[in-house]
Amino acid sequence: MEAKELVKYFKSLGLEVHTATKARGHQGFFLKNRIDISKNIPENRKIPTLLHEFAHYIHSKIEPGMEKTGGTFNGIFQNDNKIIDKELLNVTHFIDKNSLCEKLEQHKNIVKKHIKEQEQIIKTEYPEFLRTKKFKEFDKYIKKSDAKYLLKYDRIKIVRGFLKKSSKIYTIETIEQDFTNMPKAFAAYIRLKSLQKKQAKISAKINKNKKYYTKPTELFARFIEGLYLNKNAIQEIAPYTCKLFYENLEKGYYKELSTLFRTYLHIL
């Protein structure tokens, strides 16, 4: 089966389908009665992406407004047993490795390691130093130094003089060269604060990703992808959810999805 067959079927249902957009920065995007597929995705991802977005379309007919709420398992499967959540999350990890956030977790661990290294440098001069408490010696010193701006930004430009013709650039990487009289512990503290901001940003991104991937509507869409890509594997990973799904499918609960599975995907 080719992607254009699916597009033709979707359009026959009254859906507006676009396959030459940027899909708002995603591989695909569904909103109301429109499906967009990115022109940049590889050929082998076109059908799975179309199915993913079509699953959102079907879900929106079952649970109107799911775009804002993320939907519910009770709405999708007429059942909210906790095993559904667990099985579908495993399906998502199988289908989309990005859902594991492995690269972000690795990056976060590297940053945590660097934070500990800077902490050790500080403790060489200030053994009582604690990240959770104010560093009074540093606070007193930094008030009189331009280095205080590096607590907020990793790179700054200070402009001074008449008509602002004199300027100086400071960076996190060149603290020792820019501030030759600064104690080593204080330079390490500035770097530590910068690293903590990076860690917070990474953590926020991980939390955002996990919130996205665990929405019932996203779990359902990747489940539909999975049944197309590797039906046997999905049935092993999610036996309980598969049973519920096929029972509902036979009853026509998923509307046009039944025709899609029988006529176009030949899964049933």
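Let us start at the end of helix H13 (257–265), which is followed by His-266, a residue with a positive phi near 55 degrees. Helices here are DSSP runs of H or I with at least four residues, strands are runs of E with at least two, and both are numbered from the N terminus. A word on the model itself: it is predicted, so local features need pLDDT of at least 70 and side-chain atom pairs count only at pLDDT 80 or more, while totals for chains, interfaces and linings use all residues. Residues are numbered from 1 along each chain as its sequence is written, and side-chain values use heavy atoms, with hydrogens and water left out.

Stepping back into H13, we find Leu-257, Ser-258, Leu-260, Phe-261 and Leu-265 buried. Buried stands for under 20% relative accessible area, exposed for over 50%, and partly exposed for anything in between, using a 1.4 Å probe and protein chains only. The cover over these buried residues includes H1, H2, H10 and H12, where contact is taken as heavy atoms within 4.5 Å.

Axes are lines fitted to C-alpha atoms, for helices over the stretch in contact, and angles run from 0 to 180 degrees between N-to-C directions. On the H12 side, Phe-245, Leu-249 and Glu-250 take part, meeting Leu-257, Ser-258, Phe-261 and Arg-262 of H13.

Leaving aside residues up to four places away in sequence, Phe-245 touches Phe-77, Phe-220, Phe-223, Ile-224, Leu-227, Tyr-254, Leu-257 and Phe-261. Phe-245 is also one of the residues that touch the most other members of the largest nonpolar core, a set of 46 residues; the others are Phe-10, Phe-77, Phe-220, Tyr-254 and Leu-257. Such a core is a set of buried Ala, Val, Leu, Ile, Met, Phe, Trp, Tyr and Cys residues joined through side-chain atoms within 4.5 Å. Among the elements giving two or more residues to this core are helix H1 (3–12), strand S3 (34–38), helix H2 (46–62) and helix H10 (216–229). H2 supplies the largest share, eight residues. A second, separate core has 28 residues, including Ile-115, Ala-147, Tyr-170 and Ala-188.

H2 also brings us to the sheet, for this helix lies across S1, S2 and S3 and runs at about 15 degrees to S2. The sheet is open and mixed, with its three strands in the order S1-S3-S2. S1 (16–21) and S2 are at the edges with a single partner strand each, so one side of each has no neighbour in the sheet. S2 and S3 run antiparallel and are joined by four bridges; strands pair if DSSP finds at least two bridges between them. Across this pairing, Phe-29 stands opposite Asp-36 in S3.

Most residues other than glycine have a negative phi. Lys-32, in the loop between S2 (28–31) and S3, has a positive phi near 55 degrees, and its relative accessibility of 66% makes it exposed. Gln-78, in the loop between H4 and H5, has a positive phi near 60 degrees and is partly exposed at 43% relative accessible area.
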